Amino acid sequence: MNHFIYIKDLLAVKTNLDKFSWSYGTVEKNSKQEDFDRCKVKVYVRIVPDKEVPVCSGDKFSFFTVDKESSTIYYSRRFFGAVNLCYSLRIDGNSIYMICGKNYYRLVRGRIMNIHSVGYILSDVVEGILLNNGLCTIYCSAVSFKDRAVCLFGAPNTGKTLTGLLLCNKHGGKLVSEDFAVTDGENIWGAPMTNTHRNYAGIDGANDKVEIEVNSVKVSDVVIIQKGKNLLSDEKDFIKVKSLNRYGLGYVRSPSLIALGYYNHEFDIFKMSDKENEILESLVKNHGFLAVSSENVLDFADSIMDNIRR
């Protein structure tokens, strides 16, 4: 079994796969059991022959069978009448156990109605479990400096990763996260291993030789970047931050969490959403705020450093 650490001391995966990619990133280096054990939220993933996936005769919810007592769901569905797509998912406190059939893992690579890939299923479930622990996954890039950490929110393809790299290489920051991080409203833990920053190696001031921040850091500023005519605003806009986060997070439409929460209210997505709103509101309310708009994404980093709270 391999051990992959995605957020130091917070989130790890143990699996029989050689590597595991999901919303929290891709890591290539196999970690030690003791590093895995220190993490708060642990995910166990095994890919097995279809006939080895457990089955259950509990309550039915669409294509799920639910065992309310053990907080376990079982998914089984015939694909084109020939292939059985199946997995089981059990949640025990902060530990998540998934046993997935080889055909499901091989064939399901995205989101199609209630058929979600293994990576999406587990990303959504982890988002919910973290919220039950008072921690919110945020769809952002983040950069730390000696006396501050800046969270960068923006729509996809706005330039969050590029801006983060420029803040690192031109202004002496450390990369906390490219796409996903976790916050309690005051501190931020990065998931920096999505590795998409390698795509920017040819742009002046951005390359893959950035220093990675692996420890939690205090948030000082929340920044929204957006494409459009040049504008700056320090008027706090919670709705924009909430909207951007909702665009990036999928737990509220997770078939697995919905099926489980229908029977076990510990996994109530409405309570999870309330907690997300509470944390995001704290994040915006208690820290510096800046909205930067420009037609040229290369301008964002300099504008941010010129205008964030000193």
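The structure considered here is a predicted model.

The largest pocket in the model has a volume of about 470 Å³. Its lining is made up of 23 residues, of which Ile5, Tyr6, Lys8, Ser31 and Val214 are the closest to the pocket centre. Two or more lining residues come from each of two elements, strand E1 (2-7) and strand E18 (187-191). The greatest contribution is that of E1, which supplies three residues to the lining of the largest pocket. By class, the lining of the largest pocket comprises ten nonpolar, eight charged and five polar residues.

Backbone geometry was also examined. In the loop between E1 and strand E2 (11-15) lies Asp9. Asp9 is a residue other than glycine with a positive phi, near 65 degrees. The relative accessible area of Asp9 is 37%, so this residue is classed as partly exposed, a class that lies between the cut-offs of 20% for buried and 50% for exposed.

A positive phi in a residue other than glycine is found for Ser71 as well, with a value near 50 degrees. Ser71 is located in the loop that lies between strand E7 (64-67) and strand E8 (72-79). Because its relative accessible area is 8%, under the 20% that defines the buried class, Ser71 is assigned as buried.

Conventions. Residues numbered from 1 in each chain as written. Predicted model: local features only at pLDDT ≥ 70, side-chain atom pairs only at ≥ 80, totals over all residues. Heavy atoms only, no water. 1 Å grid on protein atoms, 1.4 Å probe; cavity = no way out; pocket = protein on both sides within 12 Å on 5 of 7 lines; lining within 4 Å. Points joined across faces, edges and corners; volume = space filled by probe spheres on them. Helix = DSSP H or I, 4+ residues; strand = E, 2+ residues; numbered from the N terminus. Nonpolar A, V, L, I, M, F, W, Y, C, P; charged D, E, K, R; others polar. Buried < 20%, exposed > 50% of the residue type's maximum accessible area, 1.4 Å probe, protein only.
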